[in-house]
Amino acid sequence: MSDNSAYCREQVTKIDRDRYLSCLYAPEDKRRGLFALYAFNLEISRIREMVKDPLPGEVRLQWWLDAISGQSHGSVQDNPVAAELIYAINQFGLPATALESMIKARQFDLYNDPMPSLADLEGYTGETQSLLMQMAVIILVGYERASNYSEACGHGGVSNGITDLLVSLPWQASRRQQFIPMDVMRRNNVDQERLFSGDYNERLESAVAEMVEHAEFHQNKAFKSLSGNVGEVAPAFLPMMLNQQYWKRFRRPKNGKLHPIHPLPELKRQWAMWNAARLLSRKEVTRVLK
């Protein structure tokens with residue numbers, strides 16, 4: 001294992017535990033590509049955390065666009081994640097246009113503009129999460145066969161994206177960032193300032209329930225499109241199998257305040273993913289839904 005690939009694996013292991021575990025179910029010759037892809041996703045998704053103002057964030061995103069297009073002014077090889085991403089692009093034929101779309105979608109993260117509508121949120125999660133899932137499928141089965149799983153990736157990415165955003169809701173509110181769409185806010189009479197103050201009331205609870213229902217709808221659509229057609233792509237979809245565990249936590253009383261959703265206990269996380277991998281390997285998708 002090269003130093004670059006070891007670095008990517010370490011980052012995914014520490015920060016994105018669900019996807020780290022999912023990689024362990026992939027063939028060994030595919031894992032390096034998956035770790036590179038997921039480390040790249042961490043890099044672009046965490047830019048907001050690393051900058052105080054949007055402009056430096058825009059500069060970082062542009063650097064990644066230039067790195068993928070081969071126009072970077074700095075040495076790409078000096079950045080372990082960029083170097084490994086270029087390896088994955090060359091080794092597995094990852095389309096640059098899809099990776100560029102993932103980067104451009106992250107511009108929204110840099111600002112405090114509220115998410116306009118549920119349809120806009122689907123578009124955002126489609127470009128950030130569905131494309132990520134599609135890239136993982138390409139690594140696993142190749143570009144030609146990956147198109148067979150486009151529908152599953154589309155729905156699965158929306159489900160994952162909504163779930164991830166709800167997990168980080170308290171943190172978003174603390175920095176006045178609103179990913180709960182405005183139409184959902186209006187339907188449930190949620191006051192934006194009360195959301196930003198960390199107030200968890202019946203109205204916000206109702207909005208979160210609507211979001212969970214929407215995530216569940218898309219997850220069911222993803223599973224149904226996978227029915228009888230899982231095989232080698234299962235590792236790309238395994239992180240989705242943990243969504244239900246998080247949804248249960250969203251429904252618990254919050255005692256009037258937004259509280260962080262703590263990570264799943266390690267043993268529970270590993271067991272849930274092992275069980276899902278076992279059922280998917282048997283093509284028992286309907287049992288995963290229960």
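Trainee: How many salt bridges does the structure hold?
Mentor: The count is 12 salt bridges. Keep in mind that this is a predicted model.

Trainee: What does Asp18 pair with?
Mentor: Its salt-bridge partner is Arg269, with the closest N and O atoms 2.4 Å apart. Asp18 sits in helix α2 (residues 17–23) and Arg269 in helix α17 (residues 266–281), so the pair ties together parts that are 251 residues apart in sequence.

Trainee: Are Asp18 and Arg269 buried or exposed?
Mentor: Both Asp18 and Arg269 are buried.

Trainee: Which residues do shared partners join into one network?
Mentor: Arg17, Asp18, Glu266 and Arg269 are joined that way by salt bridges.

Trainee: What about Arg46, which side chain does it meet in a salt bridge?
Mentor: That of Glu49, at 4.0 Å from N to O. Arg46 is partly exposed at 24% relative accessibility, and Glu49 is partly exposed too, with a relative accessible area of 44%.

Trainee: Switching to helix α7, which of its residues are buried?
Mentor: In α7 (residues 96–105), the buried residues are Ala98, Leu99, Met102, Ile103 and Ala105.

Trainee: What do the buried residues of α7 pack against?
Mentor: Against α3 (28–45), α5 (54–69), α6 (80–92) and α8 (118–141).

Methods
Residues are numbered from 1 along each chain as its sequence is written. This is a predicted model: local features need pLDDT of at least 70, side-chain atom pairs count only at pLDDT 80 or more; totals for chains, interfaces and linings use all residues. Side-chain values use heavy atoms; hydrogens and water are left out. Buried means under 20% relative accessible area, exposed over 50%, partly exposed in between (1.4 Å probe, protein chains only). Helices (H or I, at least four residues) and strands (E, at least two) are DSSP runs, numbered from the N terminus. Contact means heavy atoms within 4.5 Å.
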